[in-house]
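Have the structure open while you read.

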Amino acid sequence: MRLACWREDEKECMNQIALVTGATGAIGKAIARQLAEHNTFEVVLACRDEEKAGQVVAEIRRATGNPNVRYELVDVSRYSSVEALARRWRGPLHSLINNAAASPRQRQETPEGIEVQFATNVLGYFWLIQLFSGRLQASAPARVINVASYWAGDLDLSDLEFKRRRYNNGTAYRQSKQADRMLTVACAARLKSCGVTVNACHPGDVNSRLSNDLGFGGQATPDEGADTAAWLAADPVGQRETGKYFEQRQAVRCRFAEDTAAVEALYEACLAYA
Ligand SMILES: NC(=O)c1ccc[n+]([C@@H]2O[C@H](COP(=O)([O-])OP(=O)(O)OC[C@H]3O[C@@H](n4cnc5c(N)ncnc54)[C@H](OP(=O)(O)O)[C@@H]3O)[C@@H](O)[C@H]2O)c1
């Protein structure tokens with residue numbers, strides 16, 4: 001019997017299993033650590049670099065005293081790798097936090113032949129939701145948090161991989177974060193009746209490799225940047241709300257979510273990559 005249950009009095013949940021992608025990065029590591037601070041969470045770091053992953057697991061265990069922190073290796077930009085992770089996963093999954101992202105300055109393609117930002121920042125999120133959706137439903141109530149950005153726009157449904165447009169990493173990044181917000185709405189609608197919520201958030205402007213690659217620094221600390229995503233993963237609000245976009249723990253109107261035709265077209269386009 002699954003032991004998970006909500007303790008409304010403490011607004012905490014028991015034996016919740018969370019999967020955090022990009023947990024070797026600035027914001028992902030802070031999200032993973034904040035969740036591990038709840039001793040009721042088992043936190044799985046989804047990382048592509050085994051050495052970094054081991055170091056971060058040790059660091060979070062030391063900092064929180066929570067022994068239930070471990071890693072799984074996955075390259076989220078590759079369907080085959082995400083599929084392998086989903087296939088070897090055992091037991092429930094209550095919170096999927098899609099956070100991993102990259103923004104190479106030059107256009108690059110993955111070994112599967114997909115432009116890297118679209119593959120990592122968009123399809124990576126989408127594949128994880130798709131391939132874990134059965135497990136999330138079986139673990140319901142469950143939730144997905146897509147770390148997006150307020151810096152979003154310029155999505156071109158006819159050129160998602162910058163094959164026609166001149167590649168610029170800022171434009172490709174903004175497109176990918178718009179797509180994350182749109183896919184949040186599409187996936188939320190499909191999973192609503194199954195007890196699985198899907199919400200998006202802007203984290204905060206944090207100095208990181210990603211922000212540096214985009215030509216920015218960032219004034220927020222990683223902990224500040226992680227706050228809204230970790231809150232959506234742990235607080236009952238993240239189970240009540242779905243299909244929403246949050247900034248600083250507040251639901252904010254998302255104009256991208258309102259173009260239903262584009263949301264559905266993007267969802268269909270992503271399906272074609274599986
Ligand atoms: N920083 C900001 O100011 C800011 C603002 C708005 C939104 N965000 C969003 O916040 C999230 C985290 O960004 P961050 O600033 O923390 O970036 P970061 O420090 O550069 O971390 C990125 C993480 O993603 C991982 N990653 C990249 N490609 C991957 C792949 N193919 N497979 C598996 N993992 C991969 C990296 O792994 P490695 O360590 O192996 O490279 C790293 O753990 C992103 O979704 C970003 O769009 C950030």
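How far is an oxygen atom of the ligand from a polar backbone atom of Ala 101? The gap is 3.4 Å. Keep in mind that this is a predicted model, so every distance here is computed from predicted coordinates.

**Around the ligand**

Lys 177 puts a side-chain N or O atom 2.9 Å from a ligand oxygen, and for Arg 209 a polar side-chain atom sits 3.0 Å from one. On its own the ligand has 910 Å² of accessible area, and the protein covers 95% of that. There are 31 residues around the ligand, and the ones that come nearest are Thr 24, Lys 52, Asp 75, Tyr 173 and Ser 208.

**Charged pairs**

How many salt bridges does a search of the whole structure find? It comes back with 19. Here are some of them, with the N to O distance for each pair.

| Pair | N to O distance |
|---|---|
| Glu 37 and Arg 33 | 3.0 Å |
| Asp 154 and Arg 174 | 2.6 Å |
| Lys 163 and Glu 161 | 3.9 Å |

Take Asp 154 and Arg 174, which meet in a salt bridge at 2.6 Å. Asp 154 lies in the loop between β7 (142–147) and α5 (169–191), while Arg 174 belongs to helix α5, so this pair ties together parts that are 20 residues apart in sequence. As for cover, Asp 154 is partly exposed at 45% relative accessibility, and Arg 174 is partly exposed too, with a relative accessible area of 21%.

Glu 37, whose salt bridge partner is Arg 33, is partly exposed at 46% relative accessibility.

**Helix α3 and what it packs on**

Now look at helix α3, which spans residues 79–88. Its buried residues are Tyr 79, Ser 81, Val 82, Leu 85 and Ala 86. What do they pack against? They pack against β3 (16–21), β5 (69–73) and α4.

Ser 81 is a handy one to click on. This serine has a relative accessible area of 18%, and it counts as buried because the cut-off is under 20%. Leaving aside neighbours within four places in sequence, Ser 81 is in contact with Val 74 and Asp 75. And here is Asp 75 again, one of the residues that come nearest to the ligand.

**A stop on helix α4**

Helix α4 covers residues 116–138, and Gln 130 lies in it. Gln 130 is partly exposed, with a relative accessible area of 29%. Apart from neighbours within four places in sequence, its contacts are Tyr 267 and Leu 271.

Key: Residues numbered from 1 in each chain as written. Predicted model: local features only at pLDDT ≥ 70, side-chain atom pairs only at ≥ 80, totals over all residues. Heavy atoms only, no water. Salt bridge = Lys/Arg side-chain N within 4 Å of Asp/Glu carboxyl O. Buried < 20%, exposed > 50% of the residue type's maximum accessible area, 1.4 Å probe, protein only. Helix = DSSP H or I, 4+ residues; strand = E, 2+ residues; numbered from the N terminus. Contact = heavy atoms within 4.5 Å. Near = heavy atom within 4 Å. Polar contact = N/O pair within 3.5 Å; in protein donor to acceptor, adjacent residues only side chain to side chain. Areas by Shrake-Rupley, 256 points an atom, 1.4 Å probe, with all protein chains shown as cover.
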